[in-house]
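Hi there,

Here is the structure I promised to pass on to you.

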Amino acid sequence: MPDYDLPTRFDRMIHQPSRLAIMALLSGCEHADFTYLQRVIGLNKGSLSKHLSYLEQAGYIMIKKSFKGKYPNTSASLTPQGRRAFQTYRRQYREFSKFMGED
Amino acid sequence: MQAIRDLDELTRTARRREYEDGLVDLLNAAVFLVGGLLIASVYSTSSILWYLCMLVSHPNITVACLLLLVPVLAMSLLVSRGVIQRIRRNVFWAESGYVKPLQKIDWRLSVPALLIVTLSASIGFWGTLRGWLAPDSDLRFLVSGLGIATAVVYFGKGLLLKFSRYVAVGGIGAVLSIMILIVPFSISTSWVLLGVMWSVILLTSGSVGIRNTLRALNETDNA
């Protein structure tokens, strides 16, 4: 029996295009710096900072600020909670796409 | 769905970053070359005679060198990895951003590779014991098995990460590793061939990676 309520259970923090892209990218590495995230996802600095803050407040990512020489450097990594949440979201999304016949 | 396929591609993009610049391939090429030559020397009569002569004429230095061999090799590996990180931070990834790769073993690749080595060594051992195979075939099966296992890891990684360069490395490596089994080389020659063959393949792969990375850097500078 298809679970038509499944989309209502998607994690709203992750189920947003920019934040979803951030989580997907960070799931493939230990941590990535701001420059890399901005270049691959294509967001401007303000938008990326905003979404990283939301994910940090939700406990899904950890942000570390340091200096590369004289220049500030920000890097982000998924927390264990964030990895679990992202895996759950992917599983739910795959289930949803399967019974929608679009796999 | 297109969305989930794009997500998978984003994850693969981050995972591929470690291998695209070719630096890891150069390090592995050096490991294969040094490892192959060192192990080959153990099976070579002339090398063993040389070791024995050194042990008799300069016992302290020879024993010290033998004892320090493994720690020095391990330190070299660690230092090389540090050099790679430095090159990435200061040159290759200075403009495009830094990614620290995932530090976890991919069991989907490691387990089949271990099984291949175990199986090939077992077939060689039992075949030689039973007289089905020529006397020193057991070790040639092990050498070939190591080469094939390495090929499986690269091929598998290429498929999982959609990285065509590694698919090619795995394919070529597998074919050449099987040749070590078919052609009746001596054990020492087999080890040398394994080391040299894989170091050439990985040097080529690494060079292609570095060329592509430098080309991309030039395009960014000129933009």
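Please keep in mind that this is a predicted model. I will start with the sheet, then go through the cores, the pocket and a couple of single residues.

**The sheet**

Strand S1 (residues 29-33) of chain A runs antiparallel to strand S3 (residues 71-78) of chain A, and 2 bridges join them. Strand S1(A) is also joined to S1(B) by 3 bridges, again in an antiparallel arrangement. Put together, 4 strands make an open sheet with the order S2(A)-S3(A)-S1(A)-S1(B) and antiparallel pairing. Its edges are strand S2 (61-68) of chain A and strand S1 (99-101) of chain B, each of which pairs on one side only. On average, neighbouring strands in this sheet are turned by 20° against each other, direction ignored.

Opposite it in S1(B) stands Val99(B), while its bridge partner in S3(A) is Ala76(A). Asp33(A) stands opposite Ser75(A) in S3(A).

Helix H2 (residues 34-41) of chain A lies across S1 and S3 of chain A together with S1 of chain B, and it runs at about 90° to S1(A).

**The two chains**

Chain A holds 4 helices and 3 strands, which follow one another from the N terminus as α-β-α-α-β-β-α. Its C-alpha trace spans about 60 × 25 × 20 Å along the principal axes. Of its 103 residues, 43% count as buried. Among the contacts in chain A with a separation of 6 or more, 56% are between residues 24 or more positions apart.

Chain B has 8 helices and 1 strand, in the pattern α-α-α-α-β-α-α-α-α along the sequence. Along the principal axes, the C-alpha atoms of chain B fill a box of roughly 60 × 45 × 30 Å. Chain B has 223 residues, and 36% of them are buried. For chain B, residues 24 or more positions apart account for 74% of the contacts with a separation of 6 or more.

In soluble globular proteins, nonpolar side chains tend to be buried together. Here the largest nonpolar core has 33 residues, and those with the most contacts inside it are Ile14(A), Met23(A), Leu26(A), Leu37(A), Leu52(A) and Ile61(A). At least two residues of this core come from each of helix H1 (17-26), S1, H2, helix H3 (45-57), S3 and helix H4 (80-99) of chain A, and from helix H1 (2-20) of chain B. The most comes from H1(A), which gives 7 residues.

What does Ile14(A) touch, leaving aside its neighbours within four places in sequence? Ile14(A) is in contact with Arg19(A), Leu20(A), Met23(A), Tyr60(A), Ala85(A), Phe86(A) and Tyr89(A). There is also a second, separate core of 18 residues, which includes Ala40(B), Tyr154(B), Tyr166(B) and Trp198(B).

The largest pocket has a volume of about 1500 Å³. Its lining consists of 44 residues, and Tyr19(B), Lys104(B), Ile105(B), Asp106(B) and Lys157(B) lie nearest its centre. The elements that give two or more residues to this lining are H4 of chain A together with H1, helix H2 (23-43), helix H4 (59-92), S1, helix H5 (107-130) and helix H6 (137-160) of chain B. H6(B) gives the most, with 7 residues.

**Two residues to look at**

Ile123(B) is found in helix H5 of chain B. Is Ile123(B) buried or partly exposed? Its relative accessible area is 43%, so Ile123(B) counts as partly exposed. Leaving aside its neighbours within four places in sequence, Ile123(B) is in contact with Leu133(B) and Phe141(B). Ile123(B) and Leu142(B) are 19 residues apart in sequence, and their C-alpha atoms are 9.0 Å apart in space.

Lys162(B) is in the loop between H6 and helix H7 (164-182) of chain B. Most residues other than glycine have a negative phi. Lys162(B), though not a glycine, has a positive phi of about 50°. Lys162(B) is exposed, because its relative accessible area is 57% and the cut-off for exposed is over 50%.

Happy browsing, and write back any time!

Best wishes

Note on methods:
Residues numbered from 1 in each chain as written. Chains lettered and ligands numbered in written order. Predicted model: local features only at pLDDT ≥ 70, side-chain atom pairs only at ≥ 80, totals over all residues. Heavy atoms only, no water. Pairing = 2+ DSSP bridges. Axes fitted to C-alpha atoms, helices over the stretch in contact; angles between N-to-C directions. Contact = heavy atoms within 4.5 Å. Core = buried A, V, L, I, M, F, W, Y, C linked by side-chain atoms within 4.5 Å. Buried < 20%, exposed > 50% of the residue type's maximum accessible area, 1.4 Å probe, protein only. 1 Å grid on protein atoms, 1.4 Å probe; cavity = no way out; pocket = protein on both sides within 12 Å on 5 of 7 lines; lining within 4 Å. Points joined across faces, edges and corners; volume = space filled by probe spheres on them.
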